[in-house]
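User: I have a chain open here and would like to talk through its fold with you. Can we start with how you decide on strand pairing?

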Amino acid sequence: MSQKKQQFEVQENESIEECLNRIKEQGYAPIRRTEKPIFQEVKKAGETIYEPIGRQIVFEARLLE
């Protein structure tokens with residue numbers, strides 16, 4: 001991505017509001033939010049099961065002019 005757009009990931013010990021404040025402090029405005037599930041592979045009785053253990057939240061932000 002160019003300097004006009006940047007991606008910001010919500011860190012592990014950070015709230016969404018704190019991430020949005022960090023984006024604003026750097027001079028960007030959020031334009032898109034993306035959530036991706038995080039799975040863990042568990043083997044039970046010879047079967048492989050994928051269990052959700054968390055999520056990753058990423059904001060795409062545009063530079064304010």
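Analyst: Two strands count as paired if DSSP finds at least two bridges between them. Please keep in mind that this is a predicted model.

User: Which residue of β3 does F8 stand opposite?

Analyst: F8 stands opposite F59 in β3.

User: And how many bridges join β2 to β3?

Analyst: There are 16 bridges joining β2 to β3, and these strands also run antiparallel; as one point of reference along that pairing, I38 stands opposite G54 in β3.

User: So what is the strand order in the sheet?

Analyst: The order is β1-β3-β2 in an open sheet of three strands, with antiparallel pairing. The edge strands are β1, covering 5-9, and β2, covering 28-44, each of which pairs on one side only. From one strand to the next, the twist averages 25 degrees.

User: What box do the C-alpha atoms fill?

Analyst: Taken along the principal axes, the box is roughly 55 × 25 × 15 Å.

User: How much of the chain is buried?

Analyst: Buried residues make up 20% of the 65 residues. The chain exposes about 5300 Å², of which carbon and sulfur atoms supply 45%. As for contacts between residues at least 6 apart in sequence, 53% of them join residues at least 24 apart.

User: Back to F8 for a moment. How many aromatic pairs does the count come to?

Analyst: The count comes to one aromatic pair. The rings of F8 and Y28 have their centres 5.6 Å apart and their planes at 65 degrees, and because planes over 60 degrees apart count as edge-to-face, that is how this pair is classed. The pair links distant parts of the chain, with F8 in strand β1 and Y28 in strand β2, 20 residues apart.

User: Are those two, F8 and Y28, buried or exposed?

Analyst: F8 counts as buried at 3% relative accessibility, and Y28 counts as buried as well, at 8%, because the cut-off for buried is under 20% relative accessible area.

User: Is A45 buried or exposed?

Analyst: A45 is exposed, with a relative accessible area of 83%, and the label applies because exposed means over 50%.

User: Last one, L63. Where does L63 lie, and what is L63 in contact with?

Analyst: L63 lies in strand β3, which covers residues 47-63. Leaving aside neighbours within four places in sequence, L63 is in contact with Q3, K4, G27 and Y28, and that list includes the Y28 whose ring pairs with F8. The C-alpha atoms of L63 and Q6 are separated by 8.0 Å, although these residues are 57 apart along the chain.

User: How exposed is L63?

Analyst: L63 is partly exposed, with a relative accessible area of 32%, because that value falls in between the under 20% for buried and the over 50% for exposed.

How values were computed
Residues numbered from 1 in each chain as written. Predicted model: local features only at pLDDT ≥ 70, side-chain atom pairs only at ≥ 80, totals over all residues. Heavy atoms only, no water. Helix = DSSP H or I, 4+ residues; strand = E, 2+ residues; numbered from the N terminus. Buried < 20%, exposed > 50% of the residue type's maximum accessible area, 1.4 Å probe, protein only. Contact = heavy atoms within 4.5 Å. Axes fitted to C-alpha atoms, helices over the stretch in contact; angles between N-to-C directions. Phe/Tyr/Trp six-rings, centres within 6.5 Å; stacked < 30°, edge-to-face > 60°. Areas by Shrake-Rupley, 256 points an atom, 1.4 Å probe, with all protein chains shown as cover.
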